[in-house]
Amino acid sequence: MRSSPPRPFLNTSPPRPVTPAPRPTAAQSRVKVLVAGADKDARASVEAAVRQAFAGRDPSEPWTVSLVKLGASWSVTLSGPGERFRNLSFSAEHYGLADAIRGAIASERSSSAPVSAASAPGPGRSSIEDRHVCVKCQQTIVVRYEAEPDEPKETAPVACPHCWAVGHVPIGGWAAAGSDYVATKA
């Protein structure tokens with residue numbers, strides 16, 4: 001008796017429907033998050049913190065949040081609706097990133113002052129605005145900080161708000177030590 005060769009398996013069941021990947025919500029799709037200077041694992045938690053800060057906002061508002069890791073803190077630049085949110089820059093610690101962004105975009109705030117800056121200079125301090133030129137894109141940036149008279153300067157990392165290249169510029173020692181300075185477009 002001869003055996004016949006094995007038959008190939010034919011699937012006669014109907015094809016299964018393909019389930020499309022879930023689409024992002026309107027609020028998520030209108031917030032663009034750019035992260036530089038952090039590894040892949042850290043990016044997910046940073047993006048989650050940013051999205052948490054925008055929870056409850058109008059989903060039709062377009063926002064871009066650019067973050068550059070500078071040591072233990074983040075240089076944050078927000079671009080959103082209205083002139084008040086045009087390239088608003090500040091620095092924030094990693095553990096307080098969502099709160100810092102939430103505070104910066106809160107509708108109750110009427111000024112574009114950065115979250116980390118005081119409303120008025122401390123006693124004996126004055127507000128300083130230094131102009132620098134980015135070594136990469138050659139565009140002018142303004143670095144704002146507070147300093148005491150005759151305070152020595154230290155070099156500090158600054159992310160260019162035009163191209164995000166990190167350069168080092170001299171600023172007051174107190175502001176450099178506490179990462180209490182802001183870089184904006186001129």
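Hi everyone. Let me start with a definition: two strands pair if DSSP finds at least two bridges between them. Keep that in mind, as the sheets I'm about to show rest on it. And one word of caution before we look: this is a predicted model.

Three strands form an open sheet in the order 5-6-9, and the pairing is antiparallel. Strand 5 and strand 9 are at the edges with a single partner strand each, so one side of each has no neighbour in the sheet. On average, neighbouring strands here are turned by 25° against each other, if we ignore direction.

Let's walk across this sheet. Strand 5 covers residues 126-133, and eight bridges join it to strand 6 in an antiparallel run. If you want to find the pairing on your screen, look for serine 126, which stands opposite alanine 147 in strand 6. Another pair to look for is arginine 131, opposite valine 142 of strand 6. Strand 5 and strand 6 form a hairpin with six residues between them. In that turn, glutamine 138 has a positive phi of about 65°.

Now the other side of strand 6. Strand 9, residues 182-185, is joined to strand 6 by four bridges, and these two strands also run antiparallel. Here isoleucine 141 stands opposite lysine 185 of strand 9. Is strand 6, residues 140-147, mostly covered or mostly open? Mostly covered: six of its eight residues are buried.

Next, some cysteines. How many disulfides do we count? The count comes to zero. We call a pair of cysteine sulfur atoms a disulfide if they are within 2.5 Å. The closest cysteine sulfur to that of cysteine 134 belongs to cysteine 163, and at 3.7 Å the two are too far apart for a bond. For cysteine 137, the closest cysteine sulfur is in cysteine 134, at 3.8 Å, again too far for a bond. What about their surroundings? Cysteine 134 has a relative accessible area of 7%, so it is buried. Cysteine 137 has a relative accessibility of 25%, so it counts as partly exposed.

Strand 1 and strand 2 (residues 63-70) run parallel and are joined by six bridges.

Let me zoom in on one residue, valine 33, which sits in strand 1. Its bridge partner in strand 2 is valine 65. Is valine 33 buried or exposed? Valine 33 has a relative accessibility of 14%, so it counts as buried. Leaving out residues up to four places away in sequence, valine 33 touches Glu47, Val50, Arg51, Val65 and Leu67. Valine 33 and valine 46 are 13 residues apart in sequence, and their C-alpha atoms are 9.1 Å apart in space.

Now, what packs on this sheet?

The axes of helix 2 (residues 40-53) and helix 3 (residues 97-105) come within 8 Å and cross at roughly 35°. Helix 2 passes helix 3 in a right-handed crossing. Which residues make the contact? From helix 2 they are Val46, Ala49, Val50, Gln52 and Ala53, and from helix 3 they are Leu97, Ala98, Ile101, Arg102 and Ile105. Sorted by type, that gives eight nonpolar residues, one polar and one charged.

Finally, let's zoom out. The chain has four helices and nine strands. From the N terminus on, the elements run α-β-α-β-β-β-α-β-β-β-β-α-β. Of its 186 residues, 35% count as buried. And if we take contacts between residues at least 6 apart in sequence, 45% of them join residues at least 24 apart.

Notes:
Residues numbered from 1 in each chain as written. Predicted model: local features only at pLDDT ≥ 70, side-chain atom pairs only at ≥ 80, totals over all residues. Heavy atoms only, no water. Axes fitted to C-alpha atoms, helices over the stretch in contact; angles between N-to-C directions. Left-handed = near helix turned anticlockwise from the far one by under 90°. Contact = heavy atoms within 4.5 Å. Nonpolar A, V, L, I, M, F, W, Y, C, P; charged D, E, K, R; others polar. Buried < 20%, exposed > 50% of the residue type's maximum accessible area, 1.4 Å probe, protein only.
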